[in-house]
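Hi,

Here is the structure I promised to pass on to you. Have a look at it first, and then read my notes below.

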Amino acid sequence: MKRNWIIITLMLLALPMMAQNREPQVIDKVVAVVGKNIILQSDIENQYIQYRMQGMTEGTGQEVRGRILEDLLLQKLMLNQAEMDSITVTDDDVERQMDQKLHYFISRFGSQEKMEAQFGKTLSEIKDELRKAQKDQMLQEQVQTKIMQNVV
């Protein structure tokens with residue numbers, strides 16, 4: 001029995017050494033930081049894919065990604081300003097807006113099942129992703145409204 005424990009211990013000690021022989025692999029990287037908000041390379045790539053899937057073909061890939069980065073920087077600046085100005089939105093308002101968007105998507109795809117198949121996610125997973133995006137959008141709109149109310 002003692003011999004088995006020694007073998008198991010040696011195997012467990014060897015695992016970290018075997019893992020160190022692999023080369024590190026970059027999964028994602030931070031492209032920009034605005035306040036507490038970060039912009040990841042995957043954020044840009046995901047929006048680029050959506051942009052192309054919508055049939056928009058204007059500009060080279062690099063130009064489009066540059067515009068996407070500019071848009072994301074502006075969005076993150078607005079979110080940072082919302083935090084500085086203590087602007088908030090209620091969870092009920094976020095849920096209401098999110099439900100309206102989901103109903104629109106479902107009607108556009110024809111059914112909830114078709115929408116889930118298109119996104120490759122369940123309704124609850126879609127809601128989880130959409131919730132943060134909807135909250136961020138609502139905060140940005142409130143910041144824009146606050147800025148514009150002082151414009152004559």
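Gln134 touches Val94, Gln97, Met98 and Lys101, setting aside residues up to four places away in sequence; contact here means heavy atoms within 4.5 Å. Gln134 has its place in helix 6, where helices (H or I, at least four residues) are DSSP runs, numbered from the N terminus. With a relative accessible area of 2%, Gln134 is buried. On that scale, buried means under 20% relative accessible area, exposed over 50%, and partly exposed in between, with a 1.4 Å probe and protein chains only. The side chain of Gln134 also makes a polar contact with the side chain of Lys101, at 3.1 Å. A polar contact is a pair of N or O atoms within 3.5 Å; within protein, one must be able to donate a hydrogen and the other to accept it, and residues adjacent in sequence count only if both atoms are side-chain atoms.

Before going on, a word on provenance: this is a predicted model, in which local features need pLDDT of at least 70 and side-chain atom pairs count only at pLDDT 80 or more, while totals for chains, interfaces and linings use all residues. Residues are numbered from 1 along each chain as its sequence is written, and side-chain values use heavy atoms, with hydrogens and water left out.

Val94, one of the residues that Gln134 touches, is placed in helix 4. Its relative accessibility is 3%, so Val94 counts as buried. Leaving aside neighbours within four places in sequence, Val94 is in contact with Val89, Arg131, Gln134, Lys135 and Met138. Val94 and Lys135 are 41 residues apart in sequence, yet their C-alpha atoms are 5.8 Å apart in space.

Val94 also belongs to the largest nonpolar core, which has 9 residues: Met78, Leu79, Ala82, Ile87, Val89, Val94, Met138, Leu139 and Val143. Helix 3 and helix 6 each supply at least two residues of this core. A second, separate core of 8 residues includes Ile39, Ile44, Ile68 and Leu72. By nonpolar core I mean a set of buried Ala, Val, Leu, Ile, Met, Phe, Trp, Tyr and Cys residues joined through side-chain atoms within 4.5 Å.

Now to the charges. A search of the whole structure finds 8 salt bridges, each being a side-chain nitrogen of Lys or Arg within 4 Å of a carboxyl oxygen of Asp or Glu. Here are some of them:

- Glu129 and Lys121 meet through their side chains at 2.5 Å, N to O. Glu129 is partly exposed, with a relative accessible area of 49%, and Lys121 is partly exposed at 28%.
- Asp128 and Arg131 form a salt bridge at 3.1 Å, N to O. They are 3 residues apart in helix 6 (residues 123-148), so about one helical turn separates them. Arg131 counts as partly exposed, at 29% relative accessibility. Glu95, Asp128 and Arg131 are linked in a network of salt bridges.
- Asp136 and Lys132 form a salt bridge at 3.0 Å, N to O. Both lie in helix 6, 4 residues apart, about one turn of the helix. Asp136 counts as buried, at 13% relative accessibility, whereas Lys132 is exposed, at 52%.

What about the rings? A search of the whole structure finds 1 aromatic pair. The ring centres of Tyr104 and Phe105 are 5.9 Å apart and the planes are at 50°, so the pair is tilted. For this, rings of Phe, Tyr and Trp (its six-membered ring) pair if their centres lie within 6.5 Å; planes under 30 degrees apart count as stacked, over 60 as edge-to-face and the rest as tilted. Tyr104 is partly exposed, with a relative accessible area of 46%, and Phe105 is partly exposed at 23%.

Elsewhere, Arg65 lies over the face of Tyr48, at 3.8 Å from the ring centre. The criterion for a charge over a ring is NZ of Lys or CZ of Arg within 6 Å of the ring centre and within 35 degrees of the ring normal.

One backbone note to finish: Ser86 has a phi near 55°, a positive value in a residue other than glycine. Ser86 is found in the loop between helix 3 (61-84) and helix 4 (91-109), and is exposed, with a relative accessible area of 59%.

Best wishes
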